[in-house]
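I opened this entry to keep a record of what I looked up in the model, going from one chain to the next and then to the places where chains touch.

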Amino acid sequence: MSDITKQTLSELVNNIKKKKLSSSEVTKAFVDRSEKSKELNTYITEDFSNALDKAKKFDANPNLDLKLPGIPMAVKDLFCTANLRTTAGSKILNNFEPTYESTVTQNIWNEGAILIGKLNCDEFAMGSSNETSFFGNVQNPIDKNLVPGGSSGGSSSAVAAQLTPITIGTDTGGSIRQPASFTGTVGLKPTYGSCSRYGIVAFASSLDQAGPMAQNVKDCALLQEVISSYDQKDSTSIDFKRNQYSKELTKNIKGKKIGIPKEYRVDGMPKEVDDLWQKGIEYAKDCGAEIIDISLPHTNYALPTYYIVAPAEASSNLARYDGVKYGFRADGENLIDMYEKTRSEGFGAEVQRRIMIGTYVLSSGYYDAYYLKAQKVRKLIKNDFDEAYKKVDAILTPSTPSSAFKIGEKTNDPVSMYLNDIFTVPVNLAGLPGISIPAGHDSKGYPLGLQIIGKVFDEQNILNIAYAMEEKINFKNKISDWWIK
Amino acid sequence: MSIDLKTIKHISKLSRISVDEKKAEKLASDLNSIFDFIEKLNELKTENLEPLTSVAETTLKLRPDEVKSKNLREQIIKNSPKDNEDYFVVPKVIE
Amino acid sequence: MSKEKSEYLINRNDNQYEVVIGLEVHAQVLSQSKLFSTSATKFGAEPNTQVSLVDAAFPGMLPVINEFCVKQAIKTGIGLKAKINKRSVFDRKNYFYADLPQGYQISQFKDPIVGEGKVILDMPEGQKEVGIERLHLEQDAGKSIHDLDPKNTFVDLNRSGVALMEIVSKPDLRSPEEVNAYIKKLRSIMRYLGTCDGNMQEGSLRADVNVSVRKKGTKDFGTRCEIKNVNSIKFMQMAIEYEANRQVDLIEDGQSVDQETRLFDTKKNETRSMRSKEDAHDYRYFPDPDLLPLEVSDEFIDQLQSEIPELPDEKKKRFIDQFKLTPYEANIMVSDIETSNYFEDVVKKSDVKLATNWIIGELFAALNEKNLEITGSPISAGNLSKLINLIKDGTISGKIAKTVFEQMMEGDKDPKKIVEEKGLKQESDPKALEALIDKVIDNNRDKATEYKSGKVKLFGFFVGQVMKVSGGKANPQLVNEILKKKL
């Protein structure tokens, strides 16, 4: 088979199970394409030769009952992988090699998948364009010098460019859904507590969630089924009944009530985005869903709230990078000097900026005015959703207020960069599941996504809606392989 | 509200990140624009509201008192920038 | 005793100052594993051998709370007659230090697990109640070793993450004596409960001491200084005396006391300012987002309540009622759980009055001399009660008993065997005694005559002689009776 890398995950699994393809053939195909795609800069660390060895071993004794039998897979470099460098996109972890495996990646290997490498991301997942990575920008396969979104930019780019059949990212304020939207791929942020945070380099503990990124909804559902588990090693992991998302997937969403929040029609949003949203509403109706206008009155306060809560937690989570136990250390005359130089040289500008914001909002005299206030507003935002879900089963919004932008376009204006996440952030603040699916192109030919937000633990429902709409939308990504010479 | 250089120096001290004058000025300007946007929250009256504690819809689980982690000294120290096989080694602490 | 006698006042010029003291005691929770990780807590292990990935704060590692530590804290709260908070919250206390791997300590700031309680002290002038402000759970830090290398500091994380209870008293203490009594009482309660071993040498119990002074009779508190991390009662007392006098000197000199953190220098016996550290500290407490609020049910607390053993105050009452001990004796017997257990074991099978005297007198003196705790006593409770029974039934005299006791201290021997082997049994056969007495009178004819002529004081002389000749074994009571008749 010549076009192995063009196959969906489901096709690959099927072909391996039917012994039409071996794991080695599949792994080699993705490794070869990855080798030819260095210009995209999706990988921070490649593990190609190990992957090929593992594939051979798999083929020698294949367990075809697994969900991901011998499937090669690259993952965001925020997941700790045993004995393979894990950097979080930062100089401060440039040489860090964990001795342990994150629960999410362990779940994936347990189902037979094979690690092929670690994917680029914004430093400590702080960014919306992958431009804060110590390891350089990632190219969006859609067009040269276009950002792939962030922070899971290496992941979105790698899936869109078919360097890996599927991948996982993490989403703190939109870091799965926004890059999925920018690259014409599907990305799911699960309910907070659905996927274990154990072994994932932390950004903001109360918001971080790992999730699947894929070419289509079905693949996304299968990977979600694999990675979601209750984990006693994470105190915020939730023990709830998890569906067999891929098996229970259905296009029948007749009678589902879908809410359209009026507050998401923000000032300055391009008409194209609004039009796409309207089209999405029509598709949903075509699928048999009932459309209901709703209000989420505190939407406008979500971003300011997020930019207090996330940096506050980050400032504390990143205190452990001090040059003592692991990672980069700069020489210093004494302990404090060493700390200050290590962290000043080891962290990039955006991370330092967020640590400063976080330190400030928690500091004596400002805690009540900022941090405490933000946690109160966060409750209001959550209450908005609780109210809305009395009337509807899911909510439909655009994923982002614009399509992908050029590399360097927003780097000097942090606030305009932050505005990228305006539609995704409320979902993290409320701990809800949300999925972005590609829904069309703008006039430049760049993909645009729609976001479906669900109730807590209701991943199955939003996957079903996405699955039904996906068929109606019939999106085709326009990728020319421009980077392959 | 405006964050001045003195405040930047103070929070950089608390964050253990060294800043020189130039960096401090850039940070001050960035943080001021970010806080201008954050100040939007002041439109909301929140005096009588309870803050959110967690979005995780569960209670804290307790684990049994069992020793499971064995001697990991080699593993723990392996990644350290400086050690002497027994201890992590850091530059002298000056009080 | 008059109230003034134990009052601790500092006199300067014409002013009398009172000292106001509050303690923040850090007590290590007795548990197998750490508060948020599964590594061991044993004292004295090789450096960095009891450190998990969580304790060393590796990326992506998360805290999971130890149920037993929660129970230990609640039990301690019950022992302090305190309010147990059914909902408490873990916060992060943020600061950088080489032995603080996370860059923050997980502690409880706004909502501790235990609220207000009290401890009763038995002072010479009577009972004194000391208020407990709160008790919360927190992680211990690791250890920085500064003296192994001239240029570097070495870090051992074995202690990192061990569970501590911070017990904060109200500013109710007024003298170094009260501090001594308070620490001992607290330690005793926790040892009764089995929640902390109270071993101050190993650092299982240490305290931050808050000291202020005020003119006697005034109500407002003076500015306080906090003396950090003092690890013996003696040092606490010395630090308080130094610090109180320093503050009085400042005030008398027309200066003011600065609120600050100070360190007690055990070599120079003085406190000194740690101001450099204070400046940089702004702990930025906020609820730890890796954890949820800790919620415990009424049933959970009730179950723990039912596991609480008899505590020192109740035991003291019972000892006074049941065994008719004096309050003084009862205090000594209940001061720690092992002593009270030993006492109860002894009196199960022997006379209470004698047992009390022998334990407080001979046994404590002998243990003290050998620098032993009651748990290390060479004489088991069973053998001590046997010895007491030998005295009680007249087999040996009190004096012989002391000889036997000395031999028992050499190793836990059965006193009956010692008495048999060494032939120390008391001579109580009147005929044998008569023969002995006749011989003594015979040998001291002149003295006997003097006695009969009215020199009755010589009676003691004859008793002494009889005892001497019998090798101390003659039954003193019988000797008295027979001598009286014979003379």
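The notes below follow the order in which I looked things up.

**Ground rules.** I am working with a predicted model, in which local features need pLDDT of at least 70 and side-chain atom pairs count only at pLDDT 80 or more, while totals for chains, interfaces and linings use all residues. Residues are numbered from 1 along each chain as its sequence is written, and chains are lettered from A and ligands numbered from 1 in the order in which they are written.

**Sheet in chain A.** I traced an open sheet of eight strands in chain A, with the order β4-β6-β5-β10-β11-β9-β7-β8 and mixed pairing; strands are DSSP runs of E of at least two residues, helices are runs of H or I of at least four, and both are numbered from the N terminus. Two strands count as paired if DSSP finds at least two bridges between them. At the edges I found β4 (167–171) and β8 (290–294) of chain A, each with a single partner strand, so one side of each has no neighbour in the sheet. From one strand to the next the twist averages 30 degrees, with axes taken as lines fitted to C-alpha atoms (for helices over the stretch in contact) and angles running from 0 to 180 degrees between N-to-C directions.

I then looked at one pair in detail: β7 (residues 257–261) and β9 (residues 394–398) of chain A run parallel and are joined by two bridges, and I258(A) stands opposite A394(A) in β9(A). Helix α7 (residues 217–227) of chain A lies across β4, β5 (186–189), β6 (209–214) and β10 (434–441) of chain A, and runs at about 145 degrees to β6(A).

**Chain B.** I noted three helices and one strand in chain B, which run α-α-α-β from the N terminus on. The radius of gyration of chain B is 22 Å, well over the 12 Å that the globule rule gives for 95 residues, so chain B is more spread out than a compact globule; the radius is taken over C-alpha atoms, and the rule is 2.2 Å times the number of residues to the power 0.38. The C-alpha trace of chain B spans about 55 × 45 × 25 Å along its principal axes.

**Where chain A touches B.** The contact takes 53 residues from chain A and 41 residues from chain B, two residues being in contact if their C-beta atoms, placed from the backbone, lie within 7 Å. On the side of chain A, α12(A) gives the largest share, nine residues.

**Where chain A touches C.** Here I recorded 33 residues from chain A and 26 residues from chain C, and α9(A) gives the most to the side of chain A, with three residues.

**V296 in chain C.** Is V296(C) buried or exposed? V296(C) is buried because 20 other C-beta atoms lie within 10 Å; the cut-offs are 20 or more such atoms for buried, 12 or fewer for exposed, and partly exposed in between, with C-beta atoms placed from the backbone. V296(C) sits in the loop between β16 (294–295) and α5 (298–306) of chain C. Leaving aside neighbours within four places in sequence, V296(C) is in contact with K86(C) and I301(C). V296(C) and I113(C) are 183 residues apart in sequence and 9.6 Å apart in space, C-alpha to C-alpha.

**A73 in chain C.** Leaving aside neighbours within four places in sequence, the contacts of A73(C) include V29(C), I113(C) and M165(C).
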